[in-house]
Amino acid sequence: MGELFQLDYDLLLYDVTSTYFEGEAAANPQAQRGYSRDHRPDCKQVNIAMVVSRSGLPLGYEVFAGNRSDVTTVEEIVAAMEQKYGQANRIWVMDRGMVSAENVEFLQKGGRRYILGTPKSMLRKFEQQLLEATWKEVHTGLEVKLCPGPEGQEVFILCRSAERGLKERAIHARFEQRIEQKLEQMAASCRQRRQDPLLLAQRLGKLLGQNSRAAGLFRVHITPDAHGAAHLEWSKRDDWRDWASLSEGCYLLRSNVTDWNGEELWRAYMQLTEAEAAFRIHKSDLALRPVWHHLERRVQAHILVCFLTYVLWKTLARWCQDAGLGDEPRKIFAELEQIALVDVVLPTRTGILIRKRCVSRPTEHQAILLQRLGLDLPKSIDCANL
């Protein structure tokens with residue numbers, strides 16, 4: 001593709017998805033049950049890791065066992081890409097699901113540059129910076145702030161989204177209401193009849209586990225009385241609510257690219273959506289899921305065909321973009337697929353059939369599209385060369 005378009009491979013966007021099998025897929029050792037992004041935990045699956053450029057053009061992929069966690073794939077995929085394309089001037093962009101202390105150390109030791117998501121818990125270390133007013137607005141509803149790392153080798157990017165804040169606030173309110181209603185019911189049941197403290201604690205643990213987004217708000221005590229019956233008391237923690245109000249809509253990035261400003265780092269990280277879009281196209285338009293094959297070589301072939309098809313998809317998208325037709329191939333496909341091939345069969349007196357495969361004449365609109373794309377349709381196709 002580098003010979004067709006002016007491409008930039010300095011930013012490598014890495015993400016992982018899963019695709020499931022219909023049937024047992026017993027002959028494929030990589031088919032395992034694991035975390036299903038397709039919401040099919042009943043099916044075995046494989047994980048597919050893909051690296052794309054900042055414009056969404058694919059660079060390569062790897063297939064991993066379905067029970068393999070994302071964080072364990074980083075070293076392998078980085079080594080594979082460096083072997084193919086080299087290491088110089090690459091910036092790896094990954095979400096927080098790929099991040100661990102070991103992976104950060106691996107990237108740093110190899111002199112690799114990166115922009116990474118971080119766990120939500122790391123925000124606590126930047127509470128003071130969250131309170132400060134020195135934010136820079138990237139666009140309406142989105143602010144960033146650049147914070148130096150403790151050792152000067154990294155920078156941390158605080159990001160605050162108004163839209164994300166509203167969403168998280170609604171989630172917290174919904175889970176808070178659920179927990180509060182259940183706690184009132186549990187307390188009332190304790191007053192009405194004798195409850196076993198151990199069973200009540202188990203019910204409480206299940207309740208908080210199912211509503212973990214607001215579980216920290218509640219302080220709950222279960223104590224037995226003189227007769228061994230459970231007594232439940234609960235209250236809300238003001239410190240948790242204060243922190244939730246402060247951090248809602250905020251997230252944290254980390255990077256060792258110290259010569260960029262906060263806005264540039266944020267925009268580079270947000271291009272991970274190109275990798276996510278690649279997986280959406282694979283699973284919708286290219287029918288990557290489900291996998292009906294059971295033999296490993298056929299599964300690999302199925303995924304390879306989907307990957308090559310995506311390469312063609314993105315090639316056509318860039319082709320359309322350079323021709324001033326936008327970057328959405330679906331509309332081009334919908335228009336050009338109406339051009340038909342017609343087989344004309346002519347019988348002769350000797351009994352030999354003469355076959356002529358003709359291409360239907362494009363409409364005026366189709367002709368304009370073909371002209372903008374630089375394509376010429378033949379009037380006929382020699383069947384012998386098909």
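Analyst: Two strands pair if DSSP finds at least two bridges between them. The model is predicted. In it, 3 strands form an open sheet in the order S12-S13-S14, with antiparallel pairing.

User: How do you know that S12 and S13 pair?

Analyst: S12 and strand S13 (residues 353-359) share 7 bridges in the antiparallel sense, and pairing needs at least two. One example is Asp343, whose bridge partner in S13 is Arg357.

User: What makes S12 and S14 edge strands?

Analyst: Strand S12 (341-347) and strand S14 (380-381) each pair on one side only.

User: Why is H4 called roughly antiparallel to H5?

Analyst: The axes of helix H4 (residues 162-192) and helix H5 (residues 197-210) cross at roughly 170° and come within 10 Å. Angles over 145 degrees count as roughly antiparallel, therefore H4 is roughly antiparallel to H5.

User: Which residues of H4 and H5 meet?

Analyst: Phe175, Ile179 and Leu183 are among those in H4, and Leu200, Leu204 and Leu207 are among those in H5. The residues of this contact divide into 9 nonpolar, 2 polar and 2 charged.

User: What makes S3 and S6 edge strands of the 9-stranded sheet?

Analyst: That open sheet has the order S3-S2-S1-S4-S5-S11-S8-S7-S6, with mixed pairing. Strand S3 (58-65) and strand S6 (136-139) each have a single partner strand, so one side of each has no neighbour in the sheet.

User: How do you know that S8 and S11 pair?

Analyst: Strand S8 (residues 155-161) and strand S11 (residues 250-255) are joined over 6 bridges in the antiparallel sense, where at least two are needed. Arg160 stands opposite Cys250 in S11.

Notes. Residues are numbered from 1 along each chain as its sequence is written. This is a predicted model: local features need pLDDT of at least 70, side-chain atom pairs count only at pLDDT 80 or more; totals for chains, interfaces and linings use all residues. Side-chain values use heavy atoms; hydrogens and water are left out. Axes are lines fitted to C-alpha atoms, for helices over the stretch in contact, and angles run from 0 to 180 degrees between N-to-C directions. Helices (H or I, at least four residues) and strands (E, at least two) are DSSP runs, numbered from the N terminus. Angles under 35 degrees count as roughly parallel, over 145 as roughly antiparallel, 65 to 115 as roughly perpendicular and the rest as oblique. Contact means heavy atoms within 4.5 Å. Ala, Val, Leu, Ile, Met, Phe, Trp, Tyr, Cys and Pro count as nonpolar, Asp, Glu, Lys and Arg as charged, and the others, Gly among them, as polar.
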